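Here are my notes on the model you sent. Please read them with the structure open.

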Amino acid sequence: MSKTRPVKGVGWDVGAIGNGYEAYVLTRDFMHAILAVWGGAKLADVLALVGIPNCSRVTPSGQKHVEFEENGGPYTASIPLIQATNPESVVLLAYEMNGETLNRDHGFPLRVIVPGVIGARSVKWLDSINIIVEECQGFFMQRDYKMFPPSVDWNNISWPTRRPQMDFPVQSAICSLEDANLVKPGTFPTPTDRDLFDKWAWVLFEAEANIPQSTEIVAKAVDVAGNVQPENVDVIRNLMGILNTSWHRVQVRIGHSNL
Ligand SMILES: Nc1nc2c(c(=O)[nH]1)N[C@H]1C(S)=C(S)[C@@H](COP(=O)(O)O)O[C@H]1N2
Ligand SMILES: [Mo]
């Protein structure tokens, strides 16, 4: 987003999209990391152990929230209790990543993983879990990670008018190419669904197409409901610079490598 007009916030590239990995240039080598496998205890099971059963919107505690607090710092987030206790939402208290003990950067000794929800709610270095009546009032829930329309700027922003961002819009990114990559003349992308489907993870597509000359490769996803990514960033520009789901474009230069 900052390429056309600066935004406040983190300088995201196609990173910040990892299921547990934020890589700034995504290449094939990073794919194992992007598709991280998390190990831990299901939050629903842990809550049941301390006497908090599954609930629905109409059960007395159904409007409550589960708040996660980091150890020794200000980072907090919350999710609805109905989501936390839903066995199908598989919210995890993770202590392993890719079969190994969680490392410090990813949240050792314990972190939350909320599948299908923006990474900002997956609190690392977890210290306590609180059942609270209202959504968490912490900074990162109420004053950050909210989506505003392009008309809102720092002069007219009103934070309470938007809910904390939780879900993701439809998104895609090109992993195995970088700008100015040399691609041999011959074959390259046309999407083929490789029957790889996981509700919570990135789905990897590979494609081959003939590219006779230097060109631009564009990735654009359509979900099962027909939701699409916007072609340009202007319609989704927002002062925080979040959720840039505009088409990912990569310039490809055709040439013969000396290798
Ligand atoms: N305690 C704590 N947890 C946190 C954060 C943080 O700053 N402090 N950042 C959040 C954000 S914004 C993201 S995107 C993810 C990143 O997790 P990762 O480093 O494992 O990719 O952690 C989340 N959990
Ligand atoms: Mo983030």
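1. Start with Ala 36. Ala 36 has 17 C-beta neighbours inside 10 Å, so this residue counts as partly exposed. The cut-off for buried is 20 or more. Ala 36 sits in the loop that links α1 (31-34) to β1 (38-42).

2. Asn 98 is 62 residues away in sequence, yet the two C-alpha atoms are separated by 5.8 Å.

3. Keep in mind that this is a predicted model. Mean pLDDT for the chain is 82, and 75% of the residues reach 70 or more. Residues 179-183 fall below 50, and this stretch makes 12 contacts in the model beyond near neighbours in sequence. Residues 15-32 also stay under 50 in pLDDT; the model gives them 38 contacts beyond four places in sequence.

4. Now the overall layout. The chain has four helices and 12 strands. Of its 259 residues, 22% are buried. Take the contacts between residues at least 6 apart in sequence: 60% of these join residues at least 24 apart.

5. Next, the largest nonpolar core. It holds 24 residues, and Ala 84, Val 91 and Val 112 have the most contacts inside it. Two or more residues each come from α2 (43-49), β2 (65-70), β3 (76-80), α3 (81-84), β4 (92-97) and β6 (111-113).

6. Look closely at Ala 84. Leaving out residues up to four places away in sequence, Ala 84 touches Leu 43, Ala 44 and Leu 47, as well as Val 66, Ile 79 and Val 91.

Conventions
Residues numbered from 1 in each chain as written. Chains lettered and ligands numbered in written order. Predicted model: local features only at pLDDT ≥ 70, side-chain atom pairs only at ≥ 80, totals over all residues. Buried ≥ 20, exposed ≤ 12 C-beta atoms within 10 Å, placed from the backbone. Contact = placed C-beta atoms within 7 Å. Core = buried A, V, L, I, M, F, W, Y, C linked by C-beta atoms within 7 Å. pLDDT = per-residue confidence, 0-100.
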